[in-house]
Amino acid sequence: MRRLTPTMTALMGLALIAGANPSSQDERSKQDVDPDETRTVWEYLAKRYDTDGDDKITPEEYTRGTEAFTRLDRDKNGVIEEADMSKGGRGRGRRGPRSRGQGQRPEPPQEGERAPDFKLELLGTAKKDAKEKQELVQLSKFKGKKPVALIFGSYT
Amino acid sequence: MKELHATYGEKVEFLVVYITEAHALDGRSPKGGADGSPIVEEPVTLEERKAIARRCDIAIGLAPMRILIDDMKNTAGTAYAGHPDRLYLVDKAGRISYAGGRGPFGFSPDELEDAIRLDLKLTPIERKAKKGTRRK
């Protein structure tokens, strides 16, 4: 679930027409910046947040909270700039002790154990989800009916 | 995965559980843009997560597998240690008959298929042994 196929590139531009999400708290509409039409992370961030166009994103301009701002401001100079993008951040927290609580990996359930139940929203189209009540799918409802293959993942 | 769904989808329910991002640009292990990976901010609302899941669906083509969206407490992802990606098979009795390793190295569609064929009492597929151990 991590790779873009070349044949899908042409469809990217259509994605945000239906998938653009107006429910964010940001003043600037997400429809203004299509992440799939920006080439770099800095280009996306600058378009999205650098409202005064000075190539620096201040805490006042950045609307997604202090924790994320701090992670992006990698040189800790109080602003997010293009230079921060080349300062890594990858791999942080992956090695080293995990006994500090935050970032500690949960233990996966084991074969033979009862599958933890969940009830989650089924993804529809943006239009459908906006108009209709969300359909919920509960794992335990499949008991006695058919086995279930669960594929956990994300776009990145 | 789509091939597995095409082969076994009538007898097995395939559910994609969309969880927290593995490499959001504002996350702990950021990627995006110049390296070819998608530019994604970690969603802070369910609607944002759904919008990203739709981008993913269009880019990768998950349909006709159904996509479930984990809640913003990451309930399912945590219960199954699904981050960054992982496969499971739950049998008809509601028990875990296959628990895959942690992705990316432990993410094995072949192992899932073997588990499905075992569950459906189909002849096992002969595969060449792979080097390395399954990461749990």
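## Exercises on a two-chain predicted model

Let's start with one residue: Tyr80(B) counts as buried, because its relative accessibility is 0% (buried means under 20% relative accessible area, exposed over 50%, partly exposed in between, with a 1.4 Å probe and protein chains only). This is a predicted model, in which local features need pLDDT of at least 70 and side-chain atom pairs count only at pLDDT 80 or more, while totals for chains, interfaces and linings use all residues. Residues are numbered from 1 along each chain as its sequence is written, chains are lettered from A in the order in which they are written, and side-chain values use heavy atoms, leaving out hydrogens and water.

**Exercise 1.** Work out why the pair of Phe118(A) and Tyr80(B) is edge-to-face.

*Solution.* Step one is the rule: rings of Phe, Tyr and Trp (its six-membered ring) pair if their centres lie within 6.5 Å, and planes under 30 degrees apart count as stacked, over 60 as edge-to-face and the rest as tilted. By this rule there are six aromatic pairs over all chains. Step two is the geometry: the centres of Phe118(A) and Tyr80(B) are 5.9 Å apart and the planes stand at 75 degrees, so this pair is edge-to-face. Step three widens the view: Phe118(A) and Tyr80(B) form one aromatic cluster with Phe152(A) and Tyr88(B). Phe118(A), at 5% relative accessibility, also counts as buried.

**Exercise 2.** Find which residues touch the most other members of the largest nonpolar core.

*Solution.* First, the term: a nonpolar core is a set of buried Ala, Val, Leu, Ile, Met, Phe, Trp, Tyr and Cys residues joined through side-chain atoms within 4.5 Å. Next, look among the 27 residues of the largest core: Ile151(A), Met1(B), Phe14(B), Tyr18(B), Leu89(B) and Leu112(B) touch the most other members. Its largest share, four residues, comes from α2(B) (helices, H or I, of at least four residues and strands, E, of at least two are DSSP runs numbered from the N terminus).

**Exercise 3.** Describe the interface of chain B and chain A: how many salt bridges does the rule find?

*Solution.* Begin with contact (heavy atoms within 4.5 Å): 88 residues of chain B meet 79 residues of chain A. Then apply the salt-bridge rule, a side-chain nitrogen of Lys or Arg within 4 Å of a carboxyl oxygen of Asp or Glu. Seven are found across this interface. One of them joins Arg66(B) to Glu135(A), with the closest N and O atoms 4.0 Å apart. Finally, α2(B) gives the largest share of the side of chain B that touches chain A, 13 residues.
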